[in-house]
Amino acid sequence: MGATYFLGRFVLTPLARLVYRPHVEGRGNVPKSGPVIFASNHMSFIDSIAIPVSAPRPVHFLAKASYFDGTGFKGWVSREFFTAIGAIPVKRGAGQAALDALDQQRVLLEHGSAVALYPEGTRSLDGRLYKGRTGVAFLALQTGAPVVPVGLIGTDKVMPVGAKRPSLSERITVKFGEPLHLGHHGPAESGRARRLATDDIMAAIHALSGQELANAYNEVPAQTPIERIKQVLPHERR
């Protein structure tokens with residue numbers, strides 16, 4: 001990740017802990033070395049800062065490529081900040097873009113790194129916990145990496161969706177659960193194995209976060225009639 005990342009790890013992390021005073025539980029559940037996937041609920045932009053700040057080891061996550069593509073001073077600040085907290089640029093989307101994102105994460109895991117992912121796919125706007133998509137389980141089954149479930153509490157109060165800056169008066173809680181070894185469900189190529197592994201992951205996240213269950217997928221609003229049809233048809237959500 002270069003000098004910027006390691007500088008951020010030793011400067012930004014202590015500063016964020018000082019300012020936000022996160023209450024952290026279960027740090028001992030995180031493997032000290034080797035590949036690991038942090039699978040977390042997702043309620044706020046600040047989630048991707050809360051996990052690296054609270055984890056006992058470096059954590060990488062994917063961020064929109066636009067955060068790295070800006071120009072001028074503002075673009076430089078954005079690029080340096082996201083690099084410093086371990087973000088890796090990726091073009092988000094379905095199809096090939098989604099497969100490319102999984103490939104980037106797989107390479108990180110093969111090098112013994114830790115990555116953070118959100119099985120819900122996108123932020124919850126109502127605070128409920130939505131059904132998990134199977135991409136995280138696919139990655140875990142493909143690489144053999146254990147999954148550490150994470151329950152984030154209060155991040156939506158620190159920085160609600162749409163807020164331009166975080167609140168300094170709120171405090172968050174980060175709970176790391178016991179590692180899940182999901183290989184007993186079957187190979188990554190099995191849709192049933194991916195679904196069962198995903199359900200295990202989401203159950204563990206729910207036990208930590210205590211959120212109300214939505215019992216539905218957190219779908220991005222459809223923009224075209226074709227997209228609306230696809231959303232109502234039964235299919236596996238990666």
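Me: In this predicted model, two strands pair if DSSP finds at least two bridges between them; what makes strand 6 and strand 7 a pair, and which way do they run?

Reply: Four bridges join strand 6 (residues 147-153) to strand 7 (residues 173-176), and because the definition asks for at least two, the two strands count as paired; they run antiparallel. Within this pair, Gly151 stands opposite Lys175 in strand 7.

Me: What is the order of the strands in the open sheet, and why are strand 1 and strand 4 said to stand at the edges?

Reply: The seven strands follow the order 1-7-6-2-5-3-4, with mixed pairing. Strand 1 (23-25) and strand 4 (87-90) each have a single partner strand, so one side of each is left without a neighbour in the sheet. From one strand to the next, the twist averages 30°.

Me: How do you know that helix 5 packs on the sheet, and which strands does helix 5 touch?

Reply: Contact means heavy atoms within 4.5 Å, and by that criterion helix 5 (residues 135-143) touches strand 2 (36-40), strand 5 (114-117) and strand 6, therefore packing on the sheet. The direction of helix 5 makes about 165° with that of strand 2.

Me: What share of the residues in the protein is called buried, and what makes a residue count as such?

Reply: A residue is buried when its relative accessible area is under 20%, and residues of this kind make up 45% of the 238 in the protein. The accessible surface of the protein comes to about 12,300 Å², with 59% belonging to carbon and sulfur atoms.

Note on methods: Residues are numbered from 1 along each chain as its sequence is written. This is a predicted model: local features need pLDDT of at least 70, side-chain atom pairs count only at pLDDT 80 or more; totals for chains, interfaces and linings use all residues. Side-chain values use heavy atoms; hydrogens and water are left out. Axes are lines fitted to C-alpha atoms, for helices over the stretch in contact, and angles run from 0 to 180 degrees between N-to-C directions. Buried means under 20% relative accessible area, exposed over 50%, partly exposed in between (1.4 Å probe, protein chains only). Accessible areas come from the Shrake-Rupley method with a 1.4 Å probe; for residues, only the protein chains shown count as cover.
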